[in-house]
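Hi,

Here is the structure I promised to pass on. My notes follow below it, so please have a look and read on when you are ready.

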Amino acid sequence: MNEYLDHLEKTFRSNANPEKAAEMERYMKNKFPFLGIPSPERRAISRPFLGKETRPHYNQLFEHCLFLWAQPEREFQYFALDLAQKYLNKLEAECLDMMERMVVDKPWWDTVDLIASTLMGAYFKKYPKEAPGKSKEWIASGNIWLQRCALLFQLKYKNETNASLLFDNIRKLLGSQEFFINKAIGWALRQYSKFEPNEVRSFVQIEKSRLAPLSKREASKYIYIKSII
């Protein structure tokens, strides 16, 4: 462990609050231990470690994030994501490997959704030709969290969404009984409907017999879709 990580770990642990940790663990269904540092406080104590002059060089990002991911308490994973977001314009192939590892290790919506929509989203904006192949790979993997990433990485693309790829990825996962997949399908459609409501309306009408009720409810939140249930 280097001086930066040692100082960070000591700072986080010195701010631990067992009472709040218990509350946070219950909220996350006891999936992970917590130090008990609420988000506003965590952001405040993280700020000195994220400054341009204090944060590690980009070529150390992979090493630092994987170290933080290996720590038991969830706040360290949150910091790893805060750190990675400082390098959105520099993400290269090795970072996609890092993101995939962070998705499959200690997965839950609180980290996976940010990795997909922010980190992977930025990466595929930079390298759009890689998105179809990776999407296909993730969907075929059978891992619900990688599949969720294939659905959500375009969440912030707005009018630049590759609708053909989005709809193709959704079709490959229709029939899933997994809540996190059906929720993501609806979320992706709902978000895209803000910019291309007619495309989403048409897609839902065509696929209404195969879309899960949850997906249809989410997709139609901002647009009227006749007789979709």
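Which helix gives the most to the lining of the largest pocket? H3 does, with six residues.

Before the rest, a word on the basis: this is a predicted model, where local features need pLDDT of at least 70 and side-chain atom pairs count only at pLDDT 80 or more, while totals for chains, interfaces and linings use all residues. Residues are numbered from 1 along each chain as its sequence is written, and side-chain values use heavy atoms, with hydrogens and water left out.

**The pocket**

The largest pocket has a volume of about 380 Å³. Of its 16 lining residues, Ser 39, Arg 42, Arg 43, Tyr 78 and Asp 82 are the closest to the centre. Helix H2 (18-27), helix H3 (39-50), helix H5 (74-84) and helix H7 (109-126) each supply at least two residues of this lining. By type, the lining divides into nine nonpolar, two polar and five charged residues. Helices here are DSSP runs (H or I, at least four residues), numbered from the N terminus. A pocket is an open set of points on a 1 Å grid over the protein atoms alone, where a 1.4 Å probe fits, with protein on both sides within 12 Å along at least five of seven lines; lining residues have an atom within 4 Å of a point. The volume is the space filled by probe spheres set on the points, which are joined across faces, edges and corners. Nonpolar covers Ala, Val, Leu, Ile, Met, Phe, Trp, Tyr, Cys and Pro, charged covers Asp, Glu, Lys and Arg, and the others, Gly among them, are polar.

**The rings**

There are 17 aromatic pairs in the structure (ring centres within 6.5 Å; planes under 30 degrees apart are stacked, over 60 edge-to-face, the rest tilted; for Trp the six-membered ring is used). The Tyr 123 and Tyr 127 rings have centres 5.1 Å apart and planes at 50°, so this pair is tilted. Ring pairs also join these two with Phe 124, Trp 138, Phe 153 and Tyr 157 in a cluster.

Trp 145 and Phe 180 are tilted as well, because their planes stand at 45°, with centres 4.8 Å apart. This pair links distant parts of the chain, 35 residues apart: Trp 145 is in helix H9 (residues 144-152) and Phe 180 in helix H11 (residues 179-193).

**Charges over rings**

Arg 74 lies over the face of Phe 32, 3.7 Å from the ring centre (CZ of Arg or NZ of Lys within 6 Å of the centre and within 35 degrees of the ring normal). Arg 55 lies over the face of Tyr 87, at 5.5 Å.

Best wishes
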